[in-house]
Amino acid sequence: MTVSSLTQLNALTGGLFLLSTFGIIAMRQILGCLKMFVLQSIFLAISALLLGYLHQSIHLFAVAAITLLVKPTLIPYLLQRTVGNEVTARREISQLINIPTSLLVAVGLTIVSYFVATPLLSAAGGTTAGVNLPIGIACLLLGAYTVTVRREALPQIIGILTMENGAFFAGISIAPDLPLIAELSAAFDVLVIALVMGILTRKIHERMGSTTVSDLKTLKEV
Amino acid sequence: MTGRIVINLLQVIVVMAFSPLVKGVLSRLEAMVQSKRGPCIFQPYRDIWKLLHKEEVVSEQTSWIFRITPYVVFITPIFVTLLIPVLTNYPLFFAFMGDMLGGGFILALGGFFATIAAIDTGNPYGPMGASRTRMVGFLAEPVFMIVFFTVSLVAGSTIPYIVQEAWITPLSNFFEPSHVLVMLAFFMLIIAEAGRLPVDNPSGHFELAMIDESKLLEYSGRGAALMKWGGAMKFFVLLCIFLNVLVSPWGLAAGTGLPEVFMAIPLVLVKIFVFILFMVIIESSLAKLRLFRIPEFLGAAFITSIAAMIMYIF
């Protein structure tokens, strides 16, 4: 495997990563969102593996292993356990802006992130940052957009996890030698966040009968 | 010179001869997946033959548009065939008469005539299907444009014969992210343009749910035969553009000798067969989208193509 073909494979992974991020925005059902998130995490792990091979960095292999362990397996399992009936409910997620418009906004955000990343790239350097940095920023913005637009708790959790994935995707190209402890703590942070949010969502659902955020305006039920 | 004209005309004959077969194989395979026996793969030929020998009935209320449309629908894919690589990987006589955009416009002309002919009849289902086809058409248009922009940025040209070289020399270019995304976007476009599932159900006979088929309702006899044949050729031509230009430009004849060109025919058919297998899997596993979900489907195709373009430019 030469450097150029590795870079190219990484670029392909980046493209598919971006596509799965779009998928999270385009999906109407929570299970679809979750599947897209799983796919996205797998692409993140593949990219980390490729970059780890390229930079000869053991840390990135660890990142790939942790990502594969936590995101595509443990987090869906935890969400399934805590709010299983919500995850598998075959109903549409209510959202503020309809999906075709959301997709156009997503395109806009992606272009913005490429423009933002261009001046950053001259500082970051590196061959693979050209792919990973803008896509990572785009994924960050798209995750934030998901949190803003979706009205229910579970898709918002997925949005936050997407933001985290985006930050990782950019991070592994800029700082391939990030200490292992930082990666570990980040990964388990995410796990705890998913667990806590899942339990919280379950409690809210038990109390209110729905997790629509806009209904949660008053402190007490009137 | 004359050799290239002959090969060019041979392309047209291949497209005319094998396009009903593609439809037949597709519907047979789909029936087999649903554990039915299905019609014989030569059934589309028999349909066309039967219709050609039947009397044609034309309403008195229709204008010349209704009568001319079957010919336009039949002729336009033939013109596009002259422009695209079907059998050879070197430009033929008519190759520089028009580029991919030109081919797209010629195909759109056939679609336009089919639409206004459907409105012309006054049949209530015709205009309904026609307006739906237009909706799919104008949503597909931006995807077409962006795909062509990306392709022409990469190849530096919009002539399909030049484009097909660009993606595979060197071979690693095949795995460029922009190439993979362009292939995906164009695949979704083919589904929408050819009226296949999940956008439209080609085997449905329920007028209220029809998109593409309802334009054929008023035609009988020779008109119906030409419309059917034209539709089959349009599908074949789209597959040729997709497979020979964008995905797999292998197996095409490199020399000008006639035996070599004849050898390319089975290879192209094999490629199309493999593609049809994919199509069968997709059509058998997805349900038809509701009408107002089609913008989402084509919106997804649009952002895929935009992502391809962005990833290539930056």
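**Exercise 1. Two helices of chain A**

Task: Helix 3 (residues 58-87) and helix 7 (residues 180-208) of chain A pack with their axes 10 Å apart. At what angle do they pack, and which residue classes make up their contact?

Solution: The model is a predicted one. In it, the angle between helix 3 of chain A and helix 7 of chain A is about 5 degrees. Angles under 35 degrees count as roughly parallel, and therefore helix 3 and helix 7 of chain A are described as roughly parallel to each other. The residues of this helix contact divide into 17 nonpolar, five polar and three charged.

**Exercise 2. The contact between the chains**

Task: How many residues does each chain bring to the contact, and which helix of chain A supplies the largest share of its side?

Solution: Start with the totals: 20 residues come from chain A and 17 residues from chain B. Next, look at the elements on the chain A side, where helix 1 (3-26) and helix 4 (99-124) each supply at least two residues. Helix 1 of chain A has the largest share, with 11 residues. Finally, sort the chain A side by class: 15 residues are nonpolar and five are polar, with no charged residues.

**Exercise 3. The fold of chain B**

Task: Describe the secondary structure of chain B and compare its radius of gyration with that of a compact globule.

Solution: Chain B has 10 helices and zero strands. Read from the N terminus, the order of elements is α-α-α-α-α-α-α-α-α-α. For 314 residues, a compact globule would have a radius of gyration near 20 Å, and the 19 Å of chain B agrees with this. The C-alpha trace of chain B spans about 55 × 45 × 40 Å along its principal axes. Of the contacts in chain B with a separation of 6 or more, 79% join residues 24 or more positions apart.

**Exercise 4. The core of chain B**

Task: Which residues touch the most other members of the largest nonpolar core, and which helix of chain B gives the most to this core?

Solution: Buried residues make up 46% of the 314 residues in chain B. The largest nonpolar core holds 151 residues, and V143(B) and A185(B) touch the most other members. Helix 8 (residues 221-247) of chain B gives the most to this core, 18 residues. With neighbours within four places in sequence left aside, the contacts of A185(B) are V143(B), V147(B), A301(B), T304(B), S305(B) and A308(B).

**Exercise 5. V280(B)**

Task: Where is V280(B) found, and what does V280(B) touch?

Solution: V280(B) is found in helix 9 (residues 258-285) of chain B. It has 19 other C-beta atoms within 10 Å; a buried residue needs 20 or more, so V280(B) is partly exposed. Residues up to four places away in sequence not counted, V280(B) touches L26(B), L29(B), E30(B) and V33(B). The C-alpha atoms of V280(B) and L197(B) are separated by 9.7 Å, and the two residues are 83 residues apart along the chain.

**Exercise 6. Positive phi values**

Task: Are Q56(A) and S35(B) buried or exposed, and what is the phi of Q56(A) and of S35(B)?

Solution: Most residues other than glycine have a negative phi. The phi of Q56(A) is positive, near 55 degrees, and that of S35(B) is positive too, near 50 degrees. Q56(A) lies in the loop between helix 2 (30-55) and helix 3 of chain A. S35(B) lies in the loop between helix 1 (2-33) and helix 2 (43-52) of chain B. Q56(A) has 9 other C-beta atoms within 10 Å and is therefore exposed. S35(B), with 7 such atoms within 10 Å, is also exposed.

Note on methods: Residues are numbered from 1 along each chain as its sequence is written. Chains are lettered from A and ligands numbered from 1 in the order in which they are written. This is a predicted model: local features need pLDDT of at least 70, side-chain atom pairs count only at pLDDT 80 or more; totals for chains, interfaces and linings use all residues. Two residues are in contact if their C-beta atoms, placed from the backbone, lie within 7 Å. Helices (H or I, at least four residues) and strands (E, at least two) are DSSP runs, numbered from the N terminus. Ala, Val, Leu, Ile, Met, Phe, Trp, Tyr, Cys and Pro count as nonpolar, Asp, Glu, Lys and Arg as charged, and the others, Gly among them, as polar. Axes are lines fitted to C-alpha atoms, for helices over the stretch in contact, and angles run from 0 to 180 degrees between N-to-C directions. Angles under 35 degrees count as roughly parallel, over 145 as roughly antiparallel, 65 to 115 as roughly perpendicular and the rest as oblique. The radius of gyration is taken over C-alpha atoms; the globule rule is 2.2 Å times the number of residues to the power 0.38. A residue is buried if 20 or more other C-beta atoms lie within 10 Å of its own, exposed if 12 or fewer, and partly exposed in between; C-beta atoms are placed from the backbone. A nonpolar core is a set of buried Ala, Val, Leu, Ile, Met, Phe, Trp, Tyr and Cys residues joined through C-beta atoms within 7 Å.
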